[in-house]
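My notes are below, in the order in which I checked things.

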Amino acid sequence: MSSTSAHDPRRPNKVVRYKPPNTNGGPGDDPTPDYMNLLGMIFSMCGLMMKLKWCAWCAVYCSFISFSNSRASEDTKQTLSSFMLSISAVVMSYLQNPQPMTLPFQ
Amino acid sequence: MKTKHLILIGLLVLGYITAAKKVKDADFDDNEFAEFEDFDEDEEVTLDEEADFPAESDDTPQQQATDDNNDDDEEEDDDEGTVETEDDEFDHFADDDEFEGFDKDTRTGKGKSVEPDLKIAKVPIHLRTNWDSFYLEMLMLAGLGVYFLNFLAGKTKNSKLAQAWFSCHKQMLEENFTIVGDDGQSKEPTQGGLMKESENVYTIWCSGRVCVEGMLVELKLIKRQDLINVMSNLLKPTSDQLVIKVNMDQATEKFCMCVANKKVAGKLQKDYADLATFTEKKSLDRYNVPSSFQLLSEIGEATSLVLDKRVCQALDSFETQIEYIHISDQYSGPKNQYEDNQTKMPEVKPTIVFCFNVAGKGKTKTTDMESMKPLLKLVFYLVDKVARIALSKEGKQKSDKNRQKAEESFLKSAHAQRQEAAQLRREEKRRQEKERIMNEEDPDKARKWEERQNKQDLKRKQPRTKMLKMKGM
């Protein structure tokens with residue numbers, strides 16, 4: 001099975017360049033980073049507008065998860081912007097009301 | 001005489017008023033209100049005066065004198081006991097009709113309250129003074145810290161595993177391919193290394209071999225960088241996977257088959273169009289292959305040529321590691337769920353796909369990568385074998401017939417879809433024109449358009465009637 005020098009399977013004239021499979025890898029692939037990104041943005045909006053601290057914290061978690069699951073081919077700007085938004089949601093919630101957080105069912 | 005009396009009375013009244021003012025400076029308020037109190041009597045008196053002026057002209061001064069006396073008494077009373085007089089004095093305060101626009105509630109609040117209602121203001125908890133109350137925040141930060149640490153650890157582990165695999169198999173790849181690790185970016189094909197698609201997916205493209213256009217190796221490792229995935233893996237362990245996709249030359253024989261683990265065979269047949277269209281479930285009794293595998297085959301002859309002794313032996317020894325082997329000349333990737341209505345046949349390429357599980361079931365060590373070497377050897381062996389397969393005449397006929405049938409059925413469904421689409425478009429156009437005409441204010445234009453439409457409809461119907469006539473004749 002292993003190739004010997006007499007039976008070298010290599011053919012330098014048959015080289016084909018690599019074409020990244022853009023069409024396959026996208027929506028068909030793992031959609032986790034996109035969902036988490038969207039969820040993170042929704043949570044941070046809720047946290048900012050309704051001044052809910054737990055929403056803002058959830059947003060931070062969501063953007064973290066989205067970042068860790070992201071593909072290298074994806075734009076980092078999207079993930080970074082969602083991350084920044086969630087951090088700002090947390091900071092704003094605490095500036096407006098520097099009380100300890102209360103969970104929604106408490 | 002009467003006028004003299006009038007003047008006298010007027011002077012007396014004036015004198016009384018000024019006297020009252022001088023004497024009663026101290027108790028101004030009281031007398032002021034006292035005056036008002038007696039005002040009704042004065043009014044009565046004046047009325048009476050008007051009615052019967054001469055008779056009562058003497059009475060009024062007398063009354064006023066008595067009033068003065070009363071005031072004096074009240075004054076004396078004031079000095080001795082203020083409360084009672086105050087009550088008397090302030091009776092009219094209790095009368096709501098006396099005052100307009102007066103809010104009784106505020107007045108009662110300002111007054112002497114029986115119980116002092118002390119409202120203890122809530123002092124906000126400050127971070128520096130009261131750490132304990134922020135325990136939820138600490139928990140959140142701790143959670144984030146743990147997640148981040150896990151991310152770093154997982155990322156490093158995955159990277160190490162990928163590099164270990166590459167270093168183990170580099171030599172074998174270089175022996176078989178001219179270019180190992182082309183990234184497709186630079187002008188000239190370069191010898192690179194692994195390409196990082198994400199923190200858990202690494203790929204490498206190899207090209208320049210006989211019978212093969214190119215080979216894409218994908219290392220689909222577990223998402224060790226994501227804490228949630230790690231926890232779900234503790235509950236349901238999964239393996240790292242190695243997917244090798246070999247694009248064959250166009251000269252390969254046309255047949256379709258798949259040997260897969262029973263658990264994934266069903267899913268594969270559903271997901272891949274070529275397996276769904278061409279293959280059927282067949283039994284593996286004839287072959288010396290473990291029962292955990294399922295065979296999907298189109299042409300029995302081709303299957304028996306592929307599954308020779310050596311391949312069956314490999315399937316037996318690497319039973320847990322081989323997930324599936326998919327050989328097809330009509331490979332077009334997994335079915336795209338979003339594009340159900342395809343008017344054009346998807347592009348197909350002759351391909352062999354191998355899916356291997358890395359030993360260790362998730363708890364892989366870098367040393368486990370060594371055990372993958374025989375599997376790569378199997379890949380090259382099968383590639384060479386499939387390239388050299390030559391079907392008999394019957395086999396070729398059968399395969400050609402199958403492909404033709406599939407194409408026809410696809411075109412039919414595509415044609416039907418295209419007709420439907422065209423019909424919808426025509427209807428949409430007509431509706432839009434109708435709307436436009438409805439909105440047209442000029443009645444003449446509307447009439448003209450309607451006439452035109454009727455003519456067109458008649459024309460469309462005419463040929464049929466014409467043909468009938470001809471037949472009749």
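**Ground rules.** I am working from a predicted model, in which local features need pLDDT of at least 70, side-chain atom pairs count only at pLDDT 80 or more, and totals for chains, interfaces and linings use all residues. Residues are numbered from 1 along each chain as its sequence is written, chains are lettered from A and ligands numbered from 1 in the order in which they are written, and side-chain values use heavy atoms, with hydrogens and water left out.

**H1 and H2 of chain A.** I looked up this pair and found an angle of about 160° with the axes 8 Å apart. (Axes are lines fitted to C-alpha atoms, for helices over the stretch in contact, and angles run from 0 to 180 degrees between N-to-C directions; helices are DSSP runs of H or I with at least four residues, strands are E runs of at least two, and both are numbered from the N terminus.) H1(A) and H2(A) are therefore roughly antiparallel, a label for angles over 145 degrees, while under 35 is roughly parallel, 65 to 115 roughly perpendicular and the rest oblique. Their crossing is left-handed, meaning that the near helix is turned anticlockwise from the far one by less than a right angle; clockwise would be right-handed. On the H1(A) side I noted A:Met36, A:Leu39 and A:Phe43 among the residues that meet H2(A), whose own include A:Trp54, A:Cys58 and A:Ile65. Contact here means heavy atoms within 4.5 Å. By class I get twelve nonpolar, seven polar and no charged residues for H1(A) with H2(A). (Ala, Val, Leu, Ile, Met, Phe, Trp, Tyr, Cys and Pro count as nonpolar, Asp, Glu, Lys and Arg as charged, and the others, Gly among them, as polar.)

**H2 and H3 of chain A.** Helix H2 (residues 53–69) packs with H3(A) at about 160°, the axes being 8 Å apart. That makes H2(A) roughly antiparallel to H3(A). This crossing is left-handed too. A:Trp57, A:Phe64 and A:Phe67 are among the H2(A) residues in it, and A:Phe83, A:Ile87 and A:Tyr94 among those of H3(A). The classes are eleven nonpolar, six polar and one charged.

**H1 and H3 of chain A.** Here the axes of H1 (residues 32–49) and H3 (residues 76–96) come within 9 Å and cross at roughly 25°. H1(A) and H3(A) are therefore roughly parallel. I noted a left-handed crossing again. Its contact includes A:Met41 and A:Leu48 of H1(A), with A:Leu85 and A:Met92 of H3(A). I get six nonpolar, nine polar and no charged residues.

**Where chain A meets chain B.** I find 35 residues of chain A in contact with 54 of chain B. The two chains bury about 3,700 Å² between them, 60% of it on carbon and sulfur atoms; buried area is the accessible area (1.4 Å probe) that two parts lose on being put together, summed over both.

**Which residue pairs with A:Lys14 in a salt bridge?** B:Asp249 does, with the closest N and O atoms 2.7 Å apart. The pair runs from the segment before H1 of chain A to the loop between strands E5 (241–248) and E6 (256–261) of chain B.

Key: Salt bridge = Lys/Arg side-chain N within 4 Å of Asp/Glu carboxyl O.
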